[in-house]
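Q: Could you help me learn to read a protein structure, one feature at a time?
A: Gladly! Let's open it and go through it together.

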Amino acid sequence: MFDEPIMSREEVFLALRECEQQVAAVRARQVHLLRGLLRRDPDPGADELAGALDVSQHTARDLLEAARRTPERSQTIAKLESGSWSFDRVAAVAALVGVGADDATVAQADERDIAGIRRLRALQQRITRRTEHEAHSKRSVRSWASLDESVGFIHAELTGYDWRVVTKALEDRADLLPRDTQATAGQRRADALVALSQDWLSGGSDSSTTSRGGPVVTVIVDAALASATGAEAGVMVANGPRVGPETMDRIMCAGSVEVLVDTGPGVPLGVGPTTRVIPPKLRRFILGRDQGCTVDGCQSNYRLEVHHIVPRSQGGTNDPANLVTLCWWHHHVAIHGRGMRIDPTSPPHRRQLIPAGRSP
Ligand SMILES: [Zn+2]
Ligand SMILES: [Zn+2]
């Protein structure tokens with residue numbers, strides 16, 4: 001059957017459909033056999049069935065549910081035997097009957113695809129107060145770092161309603177960030193989550209206003225190790241993960257960061273007062289001079305920040321000519337996230353970005 005002449009797409013689908021009809025007829029026989037079994041043993045167990053048939057738990061449960069909910073010599077069985085309904089459709093309808101849907105609702109299944117039948121079932125499914133209380137008591141956000149502390153993970157389990165609140169907030173926040181056709185939906189949600197957290201820590205979405213007092217984060221630098229490795233080692237966020245040179249550059253741009261320099265191994269000798277890496281007065285001057293994100297075509301005013309065109313780690317200074325205003329997205333995602341750079345020869349209010357790894 002595999003050395004047939006080359007078939008058109010339509011012919012392949014037709015042949016697939018015929019196979020599926022044969023599967024349906026065989027499933028009808030299995031449902032018939034299981035119905036007989038259920039008369040003697042009302043709960044044969046999906047595990048045992050899955051093992052005996054070498055199928056997934058899911059398939060085993062579907063077979064049992066179909067046997068329980070589909071009467072012999074019913075319309076449904078006739079459709080399954082003739083192959084006009086697939087087994088998946090029969091199983092979806094059986095599950096709908098199983099949650100107590102009335103005949104009128106079950107009749108609606110005729111006009112729906114399988115996903116539609118499952119939605120009907122979800123709507124019928126009873127959610128008791130107890131179910132809700134259980135879902136609520138299971139709520140949890142787990143948060144942990146990878147072994148080398150370079151990546152952090154967050155896993156959340158929330159009630160359906162709270163989950164919607166959180167995803168709606170992330171979607172809305174992502175909509176305020178500049179359009180980003182390169183980013184996946186997951187990356188957009190990640191950007192939105194960080195942006196929301198930044199807003200909270202600094203008491204608003206306008207980073208030119210003063211923050212809620214102290215620095216957002218404290219960074220501890222082992223000077224000897226950091227200078228020997230170009231900041232690939234020896235830099236750590238207090239109570240938090242290790243960071244590398246790109247984040248160090250970002251930190252040197254950011255306003256609300258305190259940098260503690262540890263000059264000797266284990267002995268914090270040169271701990272100075274809070275270092276505002278770009279002095280606040282200079283920062284205000286640059287923000288006032290640029291009046292918004294300087295990247296060509298960017299309209300975003302969200303969390304405007306000052307960035308070093310040539311990073312401090314590569315000899316860049318706090319000279320105003322080396323400083324530009326960027327929106328949060330261009331600063332954190334495009335530049336320090338993806339490794340793009342500002343073309344220093346581009347005009348001050350129409351800054352061009354150079355992709356990572358390419359020279360100007
Ligand atoms: Zn920067
Ligand atoms: Zn921008």
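**Reading a metal site, a loop and a helix pair**

A: Before we start, keep in mind that this is a predicted model.

Q: Which protein atoms are the donors of the zinc ion (ligand 2)?
A: The zinc ion (ligand 2) has Cys293 (SG), Cys298 (SG), Cys327 (SG) and His330 (ND1) as its protein donors, at 2.0 to 2.4 Å. Along the chain, their spacing reads C-x4-C-x28-C-x2-H. Cysteine 298 sits in the loop between α13 and β6, while histidine 330 belongs to helix α14, 32 residues apart. Cysteine 298 and histidine 330 are both buried.

Q: What arrangement do the four donor atoms around the zinc ion (ligand 2) make?
A: Start with the ideal: four tetrahedral donors have angles of 109.5 degrees at a metal. Here the angles run from 104 to 117 degrees, so the arrangement is tetrahedral.

Q: Is glutamine 291 buried or exposed?
A: We call a residue exposed when its relative accessible area is over 50%. Glutamine 291 has 65%, so it is exposed. Its phi is near 55 degrees, a positive value in a residue other than glycine.

Q: And arginine 303, buried or exposed?
A: For buried, the value must be under 20%. Arginine 303 has a relative accessible area of 4%, so it is buried. This residue also has a positive phi, near 50 degrees, and is found in the loop between α13 and β6.

Q: How do helix α3 and helix α5 cross?
A: Look at their axes: they come within 8 Å and cross at roughly 65 degrees. The crossing is left-handed. Residues making the contact include Leu63 and Ala66 of α3, and Phe87 and Val90 of α5. By class, the contact has eight nonpolar, one polar and three charged residues.

Key:
Residues are numbered from 1 along each chain as its sequence is written. Chains are lettered from A and ligands numbered from 1 in the order in which they are written. This is a predicted model: local features need pLDDT of at least 70, side-chain atom pairs count only at pLDDT 80 or more; totals for chains, interfaces and linings use all residues. Side-chain values use heavy atoms; hydrogens and water are left out. Donors are N, O and S atoms within 2.8 Å of the metal (3.2 Å for Na, K and Ca); water is not among the atoms, so sites may look incomplete. Four donors count as tetrahedral if all angles lie between 85 and 135 degrees; four count as square planar and six as octahedral if opposite donors are over 155 degrees apart and all others between 65 and 115; anything else is irregular. Helices (H or I, at least four residues) and strands (E, at least two) are DSSP runs, numbered from the N terminus. Buried means under 20% relative accessible area, exposed over 50%, partly exposed in between (1.4 Å probe, protein chains only). Axes are lines fitted to C-alpha atoms, for helices over the stretch in contact, and angles run from 0 to 180 degrees between N-to-C directions. A crossing is left-handed if the near helix is turned anticlockwise from the far one by less than a right angle, and right-handed if clockwise. Contact means heavy atoms within 4.5 Å. Ala, Val, Leu, Ile, Met, Phe, Trp, Tyr, Cys and Pro count as nonpolar, Asp, Glu, Lys and Arg as charged, and the others, Gly among them, as polar.
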